[in-house]
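Work through the exercises below with the sequence and the model side by side. Try each task before reading its solution.

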Amino acid sequence: MSGLNVLLKRIPYKFKTPSLLDSRAFIGGRWTPAASGATFPVYDPEDNQVAYKIANISRAEVKTAIGAAQTASKQYKQLTHRNRKNLLRKWTNLIKGNRDDLAAICTLELGKPITESYTTVDYGISFLEWFDGEIERLYGETIPAARGSNRIMTSREPQGVVAAVTPWNSPVAMILRKVGAAISAGNAVVLKPAPETPMCAIAIAKLFEQVDYPEGTLNIVTGDAAASVDIGDEMCHNPAVRHLSFTGSTSVGKLLNTECAKHLKKTSMELGGNAPFIVFEDANIQKAVDGLIACKFRSSGQTCVCANRAFVHHSIIDEFAERLQTTVDGLFKYGSVWDPDVNFGPLYSPRGVEKAMSHQEDAGGFIKEDLGPNFYVPTILTGGPSQEMRSWTQETFGPVMHLTPFETEEEVIKLANTKESGLASYFYTEDISRVWRVSEALETGMVGVRTGLVSACEQPFGGIKESGIGREGSKFGVEDYTNIKSITVGL
Ligand code: NAD
């Protein structure tokens, strides 16, 4: 990890537990380089140069990891719920105790300002704390039998081996929300983290290793983009995997879902969004401005629930745009991502910059070279894109916001509902009957009314249409990783 050592000397943070940093995969309870010796590069978002190299494992090693998970799952499912809860609590406490290092790894890998990294680590921890309670609430039911003198009861059982694939944009939280739920429900997991941010997953597993879970309960299989295709294929076709849980783009989600369908494997799909954000004429304008900033410019626009298309009533759009620009200008502080006062950071990669640029359509570049090659200034454009433009049809995943005027509620609902995506939507109004009417009319899995934040550990997170299948967080997020067994007893 010589590249990493160079990087560590350059950053103004000293790791408290340097052993959390590793370049190896974690298979069957052992840290292992690729059998072939192959590695892949991870880039430093500060200068887009290779920062360090990580084990690039092969399909055969994924098979081994799945085998280890299968063995572990048989042991692990024998534990009582109380035992599972105790193990989870120990892991959670270790994660909390290493919060500084985990946040620093997020900043190192993603170029996220350190304050945002703390937010994502704390958000991840909140899910583990929630699942801690849910473990003991995995209740079954008794059902009155219609026939004879039977008694019917149901129980929830672990599924066995869960394969998980996560994206780069919020690595600690996306992993804990998914893997934490599967493990709480009594399963073993094989996780493939995004090749851009493998070290967050590795550090999480280093802490997991310190708890007395059966060896192989959590495995980390690392690979670059090409290896990911093989890893994903093995996960879809290996008969030991009973559930594939994916967070990422809709295109990759569709591909994995199609392959899993060949074996009728259960899937959970947390996919892309294209969230509408509506400001009605009766809205509190400053509240709506603050809500749009929270949901659009958080993480520099790199979240799946970011507002992507903003619709503002034509009678207030000029005032809204002016207040939005003034608030943005006064709110964000740029600078080193290690400075705790900095609250807006660069995009993760040149790929992200290119996409944001292409969604700006006409207004030229908004890069600030002095803040690094990927720094993109929050950009607000009025006039609205046409419905054929990329910023209308795709998620921008960057800090570019077009404002589109509208006239009537009926018109804006039609514009907001798209054929394909249905993850999150937001609207601002002070009219209580409109609150219900519009909430019910919006075709998304999550609706934010007078708030720009729709995600918390206690509420179900997920989309409809091509934005996903299943829910994460809440009681549903844990139940998703169980099978319902129905037992009939004749008296
Ligand atoms: P991506 O789909 O390119 O990659 C996601 C993961 O899939 C990565 O680990 C990647 O290596 C892996 N992958 C890619 N091709 C694969 C294949 N053929 N087989 C197996 N794995 C494969 O997405 P990304 O660019 O990393 O993340 C951004 C996307 O994720 C956005 O679309 C965003 O909206 C979505 N996202 C959704 C949620 C949600 O909860 N709904 C949360 C975060 C991000």
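**Exercise 1.** Which residues of helix H12 (residues 350–360) are buried?

Solution. Two notes on the source come before the steps. The model is predicted, so local features need pLDDT of at least 70 and side-chain atom pairs count only at pLDDT 80 or more, while totals for chains, interfaces and linings use all residues. Residues are numbered from 1 along each chain as its sequence is written.

Step 1. Helices (H or I, at least four residues) and strands (E, at least two) are DSSP runs, numbered from the N terminus. A residue is buried if 20 or more other C-beta atoms lie within 10 Å of its own, exposed if 12 or fewer, and partly exposed in between, with C-beta atoms placed from the backbone.

Step 2. Apply them to H12. The buried residues are Gly 352, Val 353, Lys 355, Ala 356, His 359 and Gln 360.

Step 3. Look along the axis. These residues cover an arc of only 165° around the axis, which puts them on the same side of H12. The arc is that of the directions from the helix axis to the C-beta atoms.

Step 4. Turn to the other side of H12, where Arg 351 and Glu 354 are exposed.

**Exercise 2.** Which strands pair with strand S13 (residues 307–313), and in which sense?

Solution. Step 1. Two strands pair if DSSP finds at least two bridges between them.

Step 1. Strand S12 (residues 275–279) is joined to S13 by five bridges in the parallel sense. Across this pairing, Ile 278 stands opposite Phe 311.

Step 2. S13 and strand S15 (residues 400–406) also run parallel, with four bridges. Here Val 312 has Pro 405 as its bridge partner, and Ala 310 stands opposite Leu 403.

Step 3. Check the surroundings. Seven of the seven residues of S13 are buried, so the strand is largely enclosed by the rest of the structure. In S15, six of the seven residues are buried.

Step 4. Follow S15 to strand S14 (residues 379–382): four bridges join these two parallel strands, and Leu 381 stands opposite His 402.

**Exercise 3.** Describe the setting of strand S11 (residues 266–270).

Solution. Step 1. Four of the five residues of S11 are buried, so S11 is largely enclosed by the rest of the structure.

Step 1. Strand S10 (residues 241–247) runs parallel to S11, with five bridges between them.

Step 2. Strand S18 (residues 468–469) runs antiparallel to S11, with two bridges. The bridge partner of Glu 270 in S18 is Gly 468.

**Exercise 4.** Which residues come nearest to the ligand, and how does its shell divide by residue type?

Solution. Step 1. A residue is near a molecule if its C-beta atom, placed from the backbone, lies within 6 Å of it. Of the 26 residues around the ligand, the nearest are Gly 232, Gly 248, Glu 270, Gly 272 and Cys 304.

Step 1. Count Ala, Val, Leu, Ile, Met, Phe, Trp, Tyr, Cys and Pro as nonpolar, Asp, Glu, Lys and Arg as charged, and the others, Gly among them, as polar. The shell then divides into 13 nonpolar, ten polar and three charged residues.

Step 2. Helix H8 (225–237) and helix H9 (250–261) each supply at least two residues of this shell.
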